[in-house]
Amino acid sequence: MPVLPGIPPVEVTLRRTARARRLSLRVSRLDGRVTLSLPPHAREAEAWAFLRAQEGWIRQALANVVPEGMVTMGETIPIEGRLVRLVPGVGRSMLLAGEELQVPGDSARTGARVAAWLKTKARDRLALASDTYARRIGRRYMTLTLRDTRSRWGSCTSEAGLMYSWRLIMAPPQVLNYVAAHEVAHLAEMNHSPRFWAIVADLMPEYQHHRRWLKSQGNQLLSYRFTE
């Protein structure tokens, strides 16, 4: 595995792929792995020159990688933008009370139970936002699915299927709403043209503020590990 010299040295995975049309870099927000994709016939000397030219960007991206931490009883997690502490609860249902989320049952399953609760809450919030924005632009979506994606917060298919990361429920409510507005706008414009952004701006005039939040702080939402 090639190593980019410096302090600290950075290991780089070179990946040749027939789909690559140019040299491209990716730094995983999950584990900091650096991957350089090359077209089949690209020369390694060209790849090294590209890496040296992009060293500043690589090191900045690595500085933004947040290590994962297991979600356990007593820890705090963000829920709709507020830090909430996980505490033991009673009965069978979880209860959000003030700055605490009461989690009943076996503490060894705290992470899994909290994740299931967050997914239910995320589906409710995202369905409401998607319904609201779809009505405003006179469009309909066919399906809404939740995933634990690492490379995107949402997507919209040509068959009008919406997909969202359930971790958006951990972000401030308006950030979740921005992602919903963004994906619903794709029901009208399957691109990122000026017409697309005009639709987003009509749905949420202040969208750029929430878009910047995701770029600067969204990786924090990925640092919480709910299961082994």
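The model is predicted, so local features are limited to pLDDT of at least 70 and side-chain atom pairs to pLDDT 80 or more, while totals for chains, interfaces and linings use all residues. Residues are numbered from 1 along each chain as its sequence is written, and side-chain values use heavy atoms, with hydrogens and water left out.

**View 1. The open sheet of 4 strands, ordered S1-S2-S4-S3.** Helices (H or I, at least four residues) and strands (E, at least two) are DSSP runs, numbered from the N terminus. Pairing in this sheet is mixed; two strands pair if DSSP finds at least two bridges between them. The edge strands, S1 (3-4) and S3 (24-27), each pair on one side only. S1 and S2 run antiparallel and are joined by 2 bridges, with Val10 in S2 as the bridge partner of Leu4. S2 (residues 10-16) and S4 (residues 34-38) run parallel, joined by 5 bridges. Along that pair, Val12 stands opposite Val34 in S4, and Arg16 stands opposite Leu38 in S4.

**View 2. Helix H2 on the sheet of S1, S2, S3 and S4.** H2 covers residues 55-63 and lies across S1, S2, S3 and S4. The helix runs at about 20 degrees to S3. Axes are lines fitted to C-alpha atoms, for helices over the stretch in contact (heavy atoms within 4.5 Å), and angles run from 0 to 180 degrees between N-to-C directions.

View 3. S10 and S12 pair in the parallel sense over 5 bridges, and Leu144 stands opposite Leu162 in S12.

**View 4. Two residues other than glycine with positive phi, Glu80 and Ala160.** Most residues other than glycine have a negative phi. Glu80 has a positive phi of about 50 degrees and is found in the loop between S6 (76-79) and S7 (82-88). The relative accessible area of Glu80 is 23%, so Glu80 is partly exposed; buried means under 20%, exposed over 50% and partly exposed in between (1.4 Å probe, protein chains only). Phi of Ala160 is near 65 degrees. Ala160 is buried, with a relative accessible area of 13%.

**View 5. Helix H4 and what covers it.** H4 (residues 173-185) has 13 residues and reaches 18 Å from its first C-alpha to its last. That is close to the 18 Å expected at 1.5 Å a residue, where the expected span is 1.5 Å times one less than the number of residues. Because 11 of the 13 residues are buried, H4 is largely enclosed by the rest of the structure. Among the buried residues are Val175, Tyr178, His182 and Glu183. Their cover includes the helices H3 (110-137), H5 (194-203) and H6 (207-221), together with the strands S11 (154-156) and S12 (161-165).
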